[in-house]
Amino acid sequence: MASTKVSDYILQRLRDWEVDHVFAYAGDGINGLLAAWGRAGNKPKFVQARHEEMAAFQAVGYAKFSGKVGVCAATSGPGAIHLLNGLYDAKLDHVPVVALVGQTNRSAMGGSYQQEVDLQNLYKDVASEFCETAMVPEQLPNLIDRAVRTAYAKRTVTAVILPADVQELDYSPPGHAFKMVPSSLGLGHYAPVPADQDLERAAEVLNAGEKVAVLIGQGARGARAEVEQLADLLGAGVAKALLGKDVLPDDLPYVTGSIGLLGTRPSYELMQECDTLLTIGSSFPYTQFLPELDQARGVQIDLDPHMIGLRYPFEVNLVGDARETLLRLLPRLRRKKNRKWREGIEKNVSRWWEVMQRRAAVDADPINPEYVVHALDGKLPDDAIVTADSGSAANWYARHLRFRGRMRGSLSGTLATMGPGVPYAIGAKFAHPDRPAIALVGDGAMQMNGMMEMVTAAKYHHEWSDPRLVVGVLNNRDLNQVTWEMRAMSGAPQFEESQHIPDLPYAEIARCIGLDGVRVEKPEHVEAAWDQALAADRPFVIDFRTDPAVPPIPPHAELDQIEAAASAILHGDSDRGSVVKQGFKAKVQEFLPGGKHRSDRPGAAAHDSTEENK
Ligand SMILES: Cc1ncc(C[n+]2csc(CCOP(=O)(O)OP(=O)(O)O)c2C)c(N)n1
Ligand SMILES: [Mg+2]
């Protein structure tokens with residue numbers, strides 16, 4: 001029998017950790033590993049991306065939607081460098097990802113050799129919790145075990161650097177001897193809970209409050225029922241950070257939806273008016289969307305002592321698993337008898353959805369992107385997994401999609417990088433081949449990454465039991481989110497050279513590579529296109545010709561920003577007339593219910609506005 005090489009052993013150890021997929025790209029820095037894959041009958045499955053950054057994004061998407069560690073692999077030098085942006089996306093969103101990267105032979109290291117990059121230093125930041133180079137076979141299994149375990153335990157990125165010649169050595173395990181480090185598999189379940197006296201203090205704060213706001217993030221996943229019970233007891237409203245969008249369904253009347261620049265008005269008002277803030281499993285960064293620093297008494301629950309106490313002067317910081325902590329907190333809470341605060345929130349929420357409906361109905365040239373996403377909302381299959389790219393699509397994803405039941409969704413929440421929309425969806429298809437995935441992607445992001453990853457979709461879709469991977473491209477021929485930021489923040493006229501991007505026949509390209517797609521140029525064809533895509537027997541690209549003049553208006557008073565936009569237009573912006581018209585047309589929808597004007601002052605009382613609906 002042939003000997004077991006280090007590379008064979010690495011794949012075996014990954015299988016032992018129940019790693020089923022490795023998102024990767026070949027190169028001679030990992031030739032030993034590739035040969036081992038051949039000997040192992042492609043287990044774990046090598047999933048070939050078009051680019052190492054895409055492999056990393058696929059690993060992130062896979063990890064986000066499966067709850068398992070994502071593993072990616074790349075060759076030395078350029079391959080390892082390409083992985084980095086995807087790895088940072090994982091690190092910043094607290095997603096467990098392991099990177100296996102090649103390195104030149106040990107004999108060449110330090111010799112300025114071809115493709116030799118100081119990976120230990122390059123990866124020192126992104127894999128700050130664990131980054132090690134295998135120099136002798138006996139370092140295994142320890143290096144793999146610690147890489148996987150640390151990624152899970154710290155929800156972060158770890159890396160193992162594998163010199164090419166070490167991959168080819170015969171494996172020999174660590175012995176029972178001095179300077180040997182044996183190791184073992186697994187990481188038992190554990191769920192830390194706060195001390196009783198801290199729970200008592202938290203309960204005192206929450207019981208004393210009359211207007212409780214809850215902010216949840218991805219850390220509240222797994223505590224859905226407990227968050228619902230808490231919100232019910234306290235008569236609270238619940239706002240969701242972007243990464244927590246799929247943690248609590250939007251059809252609960254007190255869920256105010258997303259928070260922040262891409263968020264909803266009811267979330268904004270909830271934070272403006274509350275007297276108590278409970279944050280569960282979120283490190284939502286934009287503190288200006290939280291209550292004033294002296295406005296509310298605060299309690300935070302977070303699993304990670306490193307992340308607690310951040311963002312707000314919380315009075316009580318509970319370090320613990322969200323569910324286990326809430327289970328201990330709930331019996332200590334008293335039901336609020338006065339439900340006025342809650343009723344106000346619910347009215348604001350239902351009013352907001354009406355506003356969304358009207359905003360989607362505003363005419364645009366040729367298609368309003370808000371309508372594109374709003375139309376999808378009603379058609380989302382119950383088991384859909386939705387991804388969005390960075391760009392204006394993230395606004396419409398955050399605001400127009402109402403997640404129900406077991407729907408899942410994610411985007412690059414913290415790095416906010418362009419490009420993960422399609423590769424996340426591919427990662428989702430490997431995590432759940434029986435569920436439909438839908439990606440909302442700008443044309444810039446589609447040109448940057450998405451288009452080429454459709455080749456990956458073409459290569460693999462036959463293996464998915466549900467072949468649906470729908471990509472909705474918002475084709476506005478513009479890097480629109482940034483164009484609007486330039487207009488709103490600085491009043492700068494649009495700089496055509498940086499912002500305009502070429503038109504591509506996205507659907508036609510999809511058809512050329514054996515997939516399907518349509519271009520949609522009229523609003524009346526939007527719904528039929530979604531229906532066609534969701535009934536397709538293969539990945540499908542819809543090229544929506546959308547209007548770049550529809551503004552992604554933030555949820556708070558933005559008249560001043562709209563004015564800045566107007567001045568940019570007056571100073572020679574190419575879209576002028578159309579932008580002014582569109583900006584005011586969309587904004588005006590927020591003033592319309594019952595035909596009455598409402599205060600747009602930040603901090604306008606949450607319940608004031610609901611008076612208008614009577
Ligand atoms: C890798 C990367 N490069 C640049 C940016 C800055 N950026 C954020 S959104 C955006 C525009 C995206 O354009 P597009 O994909 O066409 O979407 P749109 O906003 O037009 O809908 C840019 C350039 C970024 N976030 N990430
Ligand atoms: Mg665009």
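The model is predicted. Helix H10 is largely enclosed by the rest of the structure. An open sheet of six strands pairs in parallel.

**Helix pair H12 and H13**

- H12 spans residues 340-361 and H13 spans residues 369-377.
- Their axes come within 7 Å and cross at roughly 125 degrees.
- The crossing of H12 past H13 is left-handed.
- H12 contributes Met356, Gln357, Arg359 and Ala360 to the contact, and H13 contributes Glu370, Tyr371 and His374.
- By class, this contact of H12 with H13 holds three nonpolar, two polar and two charged residues.

**Buried helix H10**

- H10 runs over residues 265-273.
- Eight of its nine residues are buried, so H10 is largely enclosed by the rest of the structure.
- The buried residues of H10 are Arg265, Pro266, Ser267, Tyr268, Glu269, Leu270, Met271 and Glu273.

**Six-stranded sheet**

- The strand order is E14-E13-E15-E16-E18-E17, and the sheet is open.
- E14 (408-410) and E17 (516-520) are the edge strands; each has a single partner strand, so one side of each lacks a neighbour in the sheet.
- Neighbouring strands are turned by 15 degrees against each other on average, direction ignored.
- E17 pairs with E18 (residues 540-545) in the parallel sense, over five bridges.
- Arg519 stands opposite Asp543 in E18.
- Helix H14 (residues 392-400) packs on the sheet and touches E13 (385-388), E14, E15 (437-442) and E16 (469-475).
- The direction of H14 makes about 145 degrees with that of E13.

**Cis peptide bonds**

- Lys43 and Pro44 are joined by a cis peptide bond, with omega about -5 degrees.
- Pro44 sits in the loop between helix H2 (31-39) and strand E2 (45-48).
- Leu140 and Pro141 are also joined by a cis peptide bond, with omega about 10 degrees.
- Pro141 sits in the loop between strand E5 (131-133) and helix H6 (142-154).

- Ala416 has phi near 50 degrees, a positive value in a residue other than glycine.
- Ala416 belongs to the loop between E14 and helix H15 (421-431), and at 45% relative accessibility it counts as partly exposed.
- Arg477 has phi near 55 degrees, again positive in a residue other than glycine.
- Arg477 belongs to the loop between E16 and helix H17 (480-490), and at 17% relative accessibility it counts as buried.

Definitions and conventions:
Residues are numbered from 1 along each chain as its sequence is written. Chains are lettered from A and ligands numbered from 1 in the order in which they are written. This is a predicted model: local features need pLDDT of at least 70, side-chain atom pairs count only at pLDDT 80 or more; totals for chains, interfaces and linings use all residues. Side-chain values use heavy atoms; hydrogens and water are left out. Axes are lines fitted to C-alpha atoms, for helices over the stretch in contact, and angles run from 0 to 180 degrees between N-to-C directions. Helices (H or I, at least four residues) and strands (E, at least two) are DSSP runs, numbered from the N terminus. A crossing is left-handed if the near helix is turned anticlockwise from the far one by less than a right angle, and right-handed if clockwise. Contact means heavy atoms within 4.5 Å. Ala, Val, Leu, Ile, Met, Phe, Trp, Tyr, Cys and Pro count as nonpolar, Asp, Glu, Lys and Arg as charged, and the others, Gly among them, as polar. Buried means under 20% relative accessible area, exposed over 50%, partly exposed in between (1.4 Å probe, protein chains only). Two strands pair if DSSP finds at least two bridges between them.
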